[in-house]
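Trainee: I am new to this structure. Could we go through it together, one question at a time?

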Amino acid sequence: MKRISQIAWLRVVLAVGLVALVGLPGCGEGEERNMTMQVTSKAFVHGQLIPKKYTGEGADLSPPLAWSNVPAAAKELALICDDPDAPVAEPWVHWVMYSIPADLKGLPEGVVRKPKPPEPAGVLQGVNGFTDGDIVGYRGPMPPVGHGIHHYHFKLYALDAPLNAEPGLDKKALLAKMRGRILAEGELIGTYERKR
């Protein structure tokens with residue numbers, strides 16, 4: 001009986017030690033922490049259809065987004081929206097935004113397609129994957145007709161330091177600048193299919 005209680009006590013000590021170790025900021029030097037932020041939209045539910053208003057078949061407005069559980073240590077946020085179902089080698093990029101103030105709780109509908117949109121103040125936008133028309137800012141779903149349902153990943157990143165970047169970065173350049181600085185991530189996925 002005494003031996004059982006010693007084993008139970010040892011398990012408690014190990015569990016507490018593990019929790020403390022994982023929570024240390026310096027733990028796993030060079031590794032990015034992967035806390036989860038919550039990303040939502042009042043326009044669509046995670047895993048469900050993105051309304052036509054926010055697609056290339058509609059008004060092509062950026063959807064409103066909201067988020068929570070941003071780490072207190074975050075200095076700024078970044079957002080990438082892409083489509084891994086596109087029939088190309090890399091996921092098709094629909095939106096690149098960064099230098100988002102860490103205390104911002106979300107994005108309004110219809111962010112202007114400019115490198116430095118007037119609202120939200122301070123944010124910068126990068127280059128999307130489109131080559132016709134607007135190549136900066138949000139471009140909505142417009143998958144090939146008959147290609148089935150595509151999934152659009154709105155990925156939010158909390159960063160431990162400002163990027164001090166210029167507007168107009170593409171996804172690859174932004175990911176390179178964020179390497180080693182990501183404190184937490186969150187994701188909202190919407191779907192869309194063009195049938196005709």
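Trainee: Which strand pairs with β6 over two bridges?

Mentor: This is a predicted model. In it, β6 pairs in the antiparallel sense with a strand made of residues 124-125. The two bridges join β6 to strand β8.

Trainee: How many of the 10 residues of strand β6 are buried?

Mentor: Strand β6 runs over residues 92-101. It is largely enclosed by the rest of the structure, because the count of buried residues is eight.

Trainee: Is S99 buried or exposed?

Mentor: S99 is located in strand β6. Its phi is positive, about 55°, although S99 is not a glycine. Buried means under 20% relative accessible area. S99 has a relative accessibility of 13%, so it counts as buried.

Trainee: N69 is not a glycine either; what is its phi?

Mentor: N69 sits in the loop between β4 and β5. With a relative accessible area of 46%, N69 is partly exposed. Its phi is positive, at about 65°.

Trainee: How many aromatic pairs does the structure hold, and which residue pairs with W92?

Mentor: The structure holds three aromatic pairs. One of them is edge-to-face, with 5.5 Å centre to centre and 90° between the planes. W92 lies in strand β6 and its partner in the loop between β8 and β9, so the pair ties together parts that are 38 residues apart in sequence. The number of pairs is three, and the partner of W92 is F130.

Trainee: Is F130 buried or exposed?

Mentor: W92 is partly exposed, with a relative accessible area of 28%. For F130 the relative accessible area is 14%, so F130 is buried.

Trainee: Is the pair of W95 and Y138 stacked or edge-to-face?

Mentor: The ring centres of W95 and Y138 are 5.2 Å apart. Planes over 60 degrees apart count as edge-to-face. The planes of W95 and Y138 are at 70°, so the pair is edge-to-face.

Trainee: How many residues apart are W95 and Y138?

Mentor: W95 is buried, with a relative accessible area of 0%, and Y138 is buried at 2%. W95 belongs to strand β6, while Y138 is in the loop between β8 and β9. The pair links distant parts of the chain, 43 residues apart.

Trainee: Which residue lies over the face of F130?

Mentor: The residue is placed at 4.2 Å from the ring centre of F130. Among the residues in contact with D60 are Y138, G140 and this one. The residue over F130 is R139.

Trainee: Which residue has its backbone nitrogen 2.6 Å from a polar atom of the side chain of D60?

Mentor: D60 is in the loop between β3 and β4, and it is buried, with a relative accessible area of 13%. Its contacts beyond four places in sequence include K53, R113 and Y138. The backbone nitrogen at 2.6 Å belongs to G140.

Trainee: What kind of peptide bond joins E119 and P120?

Mentor: P120 lies in the loop between β7 and β8. Omega for the bond between E119 and P120 is about -5°. The bond is cis.

Terms used
Residues are numbered from 1 along each chain as its sequence is written. This is a predicted model: local features need pLDDT of at least 70, side-chain atom pairs count only at pLDDT 80 or more; totals for chains, interfaces and linings use all residues. Side-chain values use heavy atoms; hydrogens and water are left out. Helices (H or I, at least four residues) and strands (E, at least two) are DSSP runs, numbered from the N terminus. Buried means under 20% relative accessible area, exposed over 50%, partly exposed in between (1.4 Å probe, protein chains only). A polar contact is a pair of N or O atoms within 3.5 Å; within protein, one must be able to donate a hydrogen and the other to accept it, and residues adjacent in sequence count only if both atoms are side-chain atoms. Contact means heavy atoms within 4.5 Å. Two strands pair if DSSP finds at least two bridges between them. Rings of Phe, Tyr and Trp (its six-membered ring) pair if their centres lie within 6.5 Å; planes under 30 degrees apart count as stacked, over 60 as edge-to-face and the rest as tilted. A charge sits over a ring if NZ of Lys or CZ of Arg is within 6 Å of the ring centre and within 35 degrees of the ring normal.
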